[in-house]
Amino acid sequence: MTSDKLADGKTKSGSKPQVLGIFLVFLMVAIAGGIIVYSLSDWSAPAKAKAMPNPIPATPQAIGAGMSIYMDRCQNCHGEDGNGKGERADKLSVQPADFTDAHAMSAQTDGELFWKISEGHRPMPAFEKKLSEEERWQLVDYIRTFSQSANAAPSAAPPAAADKGAAPK
């Protein structure tokens, strides 16, 4: 019979590395599970944010400013057309929002979009400290154009409307 005792009377400690290994595997699975749950968790704005009215009217100037911000900060993930299929979208753990989905977009208030842009949610960064409040509201105005019907979407008409607004009364 073999004995667990060595010649010097000490027992083998072969079980310690196994226990440590099992613990490390358990810890890694728990961390990975937490990350998955966090990234798939509901991203709901608080009621106060949902009720916030947009103080920036969707004028051609505001939409144009929002478009510039979108092209610089959002297009890589959300796509040029706002469909959530930007060049970086496939590399993200969560699919970027599809702003062309009229049903989904109509279910969100401007305040909710503003809050999401401000707060972020992995993998999307928070823009509260990167963009001014006005820029974030302009971005909301521009994002709204993706889900509008072709008849209501800004086209060649906004520059004419801008010219009318600039004309003296």
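Me: How do helix α6 (residues 110-119) and helix α7 (residues 133-145) pack, in angle and axis distance?

Reply: α6 and α7 pack at about 120°, and their axes are 9 Å apart. Axes here are lines fitted to C-alpha atoms, for helices over the stretch in contact, with angles running from 0 to 180 degrees between N-to-C directions. Bear in mind that this is a predicted model, where local features need pLDDT of at least 70, side-chain atom pairs count only at pLDDT 80 or more, and totals for chains, interfaces and linings use all residues. Residues are numbered from 1 along each chain as its sequence is written, and side-chain values use heavy atoms, leaving out hydrogens and water.

Me: Why are α6 and α7 called oblique to each other?

Reply: Under 35 degrees would be roughly parallel, over 145 roughly antiparallel and 65 to 115 roughly perpendicular, with the rest oblique. The angle is about 120°, so α6 and α7 come out as oblique. Their crossing is right-handed; that label applies if the near helix is turned clockwise from the far one by less than a right angle, and left-handed if anticlockwise.

Me: Which residues make the contact?

Reply: From α6 you get Asp 110, Gly 111, Leu 113, Phe 114, Ile 117 and Ser 118, and from α7 Glu 133, Arg 136, Trp 137, Leu 139, Val 140, Ile 143 and Arg 144. Contact means heavy atoms within 4.5 Å. By class, that's 7 nonpolar, 2 polar and 4 charged residues.

Me: What makes α6 mostly covered?

Reply: 7 of its 10 residues are buried, where buried means under 20% relative accessible area, exposed over 50% and partly exposed in between (1.4 Å probe, protein chains only). Those residues are Gly 111, Glu 112, Leu 113, Phe 114, Lys 116, Ile 117 and Ser 118. They pack against α2 (47-50), α5 (102-106) and α7.

Me: What does the whole chain look like in helices and strands?

Reply: The chain has 8 helices and 0 strands. Both are DSSP runs numbered from the N terminus: helices are H or I with at least four residues, strands E with at least two. Of its 169 residues, 27% count as buried.

Note on methods: Nonpolar A, V, L, I, M, F, W, Y, C, P; charged D, E, K, R; others polar.
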